[in-house]
Amino acid sequence: MTVSQVQSGSSSVRNSAFQQLVAERVRFTVVMTITFLVLYFLLPLLAGYNKPLMAQKVLGNVTFGYLMAFAEFVMGWILAALYVRKARTFDRLALEAQR
Amino acid sequence: MTFLLAAVIVAITLGITFWASRRNTSTSDFYVAGGKISAGQNGIAIAGDYMSAASFLGITGLIALNGFDGFMYSVGWFIAYLTVLFIVAEPLRNLGKYTLADMLVYRLRDPRVRMYAALSTIVVSTFYMIAQVVGAGTLISLLSGGVLKPSVAIPLVGVLMIIYVVVGGMLATTWVQIVKATLLMFATVVMSVLILNRFGWSFSNLLGAAEAKNGAEFLGAGLKYKNPVDLISLGLALVLGTAGLPHILVRFYTVPTAQDARKSVVWAMVLIGAFYVMTALMGNAANVLVGKEAIATANAAGNMAAPLLAQALFGGAGTVGGEFGLAFVTAVAFATILAVVAGLTIAASTSFTHDIFNGVMRGGKASEGEQFRVARLATVAVGIVAIVLGLLAQTQNVAFLVALAFAIAASANVPVILFTLFWRKFNATGAIWGIVGGILTCLTLIAISPNIMGIDPPEKTTGRRPIQAQAIFPLENPGIVSIPAGFAFAVIGTLIGASRRREDEDQLFEEMQFRAYTGAGMDGTVAAHD
């Protein structure tokens with residue numbers, strides 16, 4: 001059995017940059033995932049249980065449902081952009097952790 | 001004209017294949033294009049893998065026939081990429097080499113896990129592929145105006161796909177996907193501009209016209225989905241399942257680093273999102289300009305909505321422009337089918353060769369040449385199986401197989417991926433329980449669901465359900481039950497396996513975590529054995 005030893009081995013655990021990386025990443029991922037799951041499932045929930053709201057016209061003939069669905073796309077892009085920005089910090093910490 | 005354009009597309013893709021074949025000299029080239037695809041290219045290819053005939057033709061048709069409900073359906077397909085971006089793309093790239101199993105085995109160090117992960121990959125790919133191949137048969141028959149019967153179209157697709165993959169490997173598969181995605185985006189953008197031009201550059205005007213034709217309920221929810229729980233169950237399977245689909249996961253190994261994997265998902269999200277937003281225009285416009293009746297007469301599921309819309313936008317039936325529009329969109333749809341089937345095939349044959357043949361049967365000691373040969377043979381075998389199963393199932397209604405593939409990916413693969421990454425006490429027994437439990441729960445629930453069980457009216461002669469009895473499980477998509485079940489099985493397995501705890505488990509978890517987050521030692525080889 002060859003357990004390829006990662007250079008820093010178990011000392012990496014005590015590495016503060018690495019600990020910060022894990023903590024920040026886990027927190028960020030959990031918050032973002034819960035956010036998008038809640039916002040996404042609002043759509044089928046409202047479509048199932050509040051049809052009058054979904055059919056309500058808001059902008060000209062554009063209904064609340066269509067606006068909300070479009071907003072889901074915008075939300076997706078915004079969350080992705082936030083992640084890309086945050087990921088710069090992760091990349092920096094990852095480099096530091098390997099020193 | 002359709003045949004001419006389709007022939008041109010096939011010629012281009014074959015050209016790419018032979019160009020790629022000269023660079024296709026090692027197993028790494030074959031499986032993942034040597035990991036040398038750029039982030040932008042990979043993003044387009046991921047978008048291409050996802051924008052299958054089902055979304056291009058299917059969603060446009062769903063909206064044309066059912067209004068808002070059809071569009072709502074496409075939101076889940078897009079949102080799914082957030083799961084991929086936040087959770088799986090980068091760790092997967094950092095931990096593995098070719099397959100999902102690599103990532104799990106890197107931490108769990110148990111060849112049995114490799115075996116079961118490979119089985120799950122092959123099961124998911126096969127279900128997805130049967131749906132695509134049968135769909136391809138019907139679509140090509142439809143698109144060719146009945147000239148190519150499904151019994152001809154299915155082998156045709158199968159043979160072309162085998163050529164792409166065997167000759168050109170992942171490099172050809174990726175470039176075929178890029179060409180097709182570009183053509184598809186181009187067609188969609190041109191059609192959207194023409195639609196907006198017709199309706200005074202206003203989506204509101206388009207919806208107004210659709211309302212005038214169909215009544216107010218066309219703009220609201222409820223025309224298609226009567227049972228909200230079914231819709232939520234489907235949403236769960238989509239949002240989690242995408243992160244467990246083998247042909248999407250394998251794409252993250254085709255780029256050099258985790259940063260590139262991240263960028264590819266972002267590129268894919270831009271393209272997929274823009275594409276789905278435009279389906280709202282195309283679907284409603286097809287309804288207004290072509291008409292529900294004409295669309296439903298051409299194909300009851302609405303698959304002809306997009307081609308017929310192109311015909312109407314470019315001048316209508318009988319005009320040169322109209323026929324060209326129809327031919328172009330039809331040819332693009334054909335290219336879509338070929339490219340997606342090729343992607344599925346390479347995911348399945350890579351998993352077979354790398355995980356089962358080399359990893360399990362040869363203990364990681366098979367030579368390059370041997371693996372290369374087996375990978376090509378496996379591709380031919382997968383292709384033949386797909387053709388045979390496709391021909392056998394050609395008269396069945398197999399659309400549910402895609403939902404089933406997503407449900408299995410979400411219930412069997414995703415819990416195991418998450419626990420491997422985040423749960424210190426997780427172990428190999430838990431992984432095996434999770435994968436097997438997830439698959440079996442999905443298969444059982446599908447078998448007793450309205451997809452298989454139900455009482456068809458006697459006048460229905462084709463596509464009758466195999467079991468003519470009241471369905472036991474009420475939902476079409478098992479996700480809402482099978483996903484929690486997959487997690488539960490993984491936890492139970494972990495508890496059972498805890499007594500046989502390896503003394504180095506904590507260290508393996510920490511090693512995995514370090515590498516998953518930092519990419520340290522990424523170009524070192526992941527031991528396929530041990």
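## Chain A

In chain A, 60% of the contacts with a separation of 6 or more are between residues 24 or more positions apart. The model is a predicted one. Chain A contains 4 helices and 2 strands, and read from the N terminus its elements follow the order α-α-α-β-β-α.

Of the 99 residues in chain A, 44% are buried.

## Interface of chain B and chain A

The contact between the two chains involves 60 residues of chain B and 55 residues of chain A. Together the chains bury about 5000 Å², with 74% of this on carbon and sulfur atoms. On the chain B side, the residues that lose the most area to chain A are B:Phe86, B:Phe514 and B:Tyr517. These residues together account for 16% of what that side buries.

## Polar and charged pairs

Between chain B and chain A there are 3 salt bridges. B:Glu211 is paired with A:Lys57 in a salt bridge, where the closest N and O atoms lie 2.3 Å apart. Polar contacts across the interface of chain B and chain A join 10 residue pairs, counting those with both residues at pLDDT 80 or more.

## The chain B side by element and class

Several helices of chain B each supply at least two residues of the side that touches chain A: helix H5 (68–95), helix H9 (203–214), helix H10 (228–241), helix H12 (258–290) and helix H20 (505–518). The most comes from H5(B), which gives 14 residues to that side.

Sorted by class, the side of chain B that touches chain A consists of 35 nonpolar, 17 polar and 8 charged residues.

## B:Gly430 in helix H18

Helix H18 of chain B spans residues 428–447 and includes B:Gly430. The relative accessible area of B:Gly430 is 0%, so this residue counts as buried, the cut-off being under 20%.

Leaving aside residues up to four places away in sequence, B:Gly430 touches B:Ala490, B:Gly493 and B:Thr494. For one of these, B:Gly493, the C-alpha atom is separated from that of B:Gly430 by 3.9 Å, although the two residues are 63 residues apart along the chain.

Notes: Residues numbered from 1 in each chain as written. Chains lettered and ligands numbered in written order. Predicted model: local features only at pLDDT ≥ 70, side-chain atom pairs only at ≥ 80, totals over all residues. Heavy atoms only, no water. Buried < 20%, exposed > 50% of the residue type's maximum accessible area, 1.4 Å probe, protein only. Contact = heavy atoms within 4.5 Å. Buried area = accessible area lost by both parts, 1.4 Å probe. Salt bridge = Lys/Arg side-chain N within 4 Å of Asp/Glu carboxyl O. Polar contact = N/O pair within 3.5 Å; in protein donor to acceptor, adjacent residues only side chain to side chain. Nonpolar A, V, L, I, M, F, W, Y, C, P; charged D, E, K, R; others polar.
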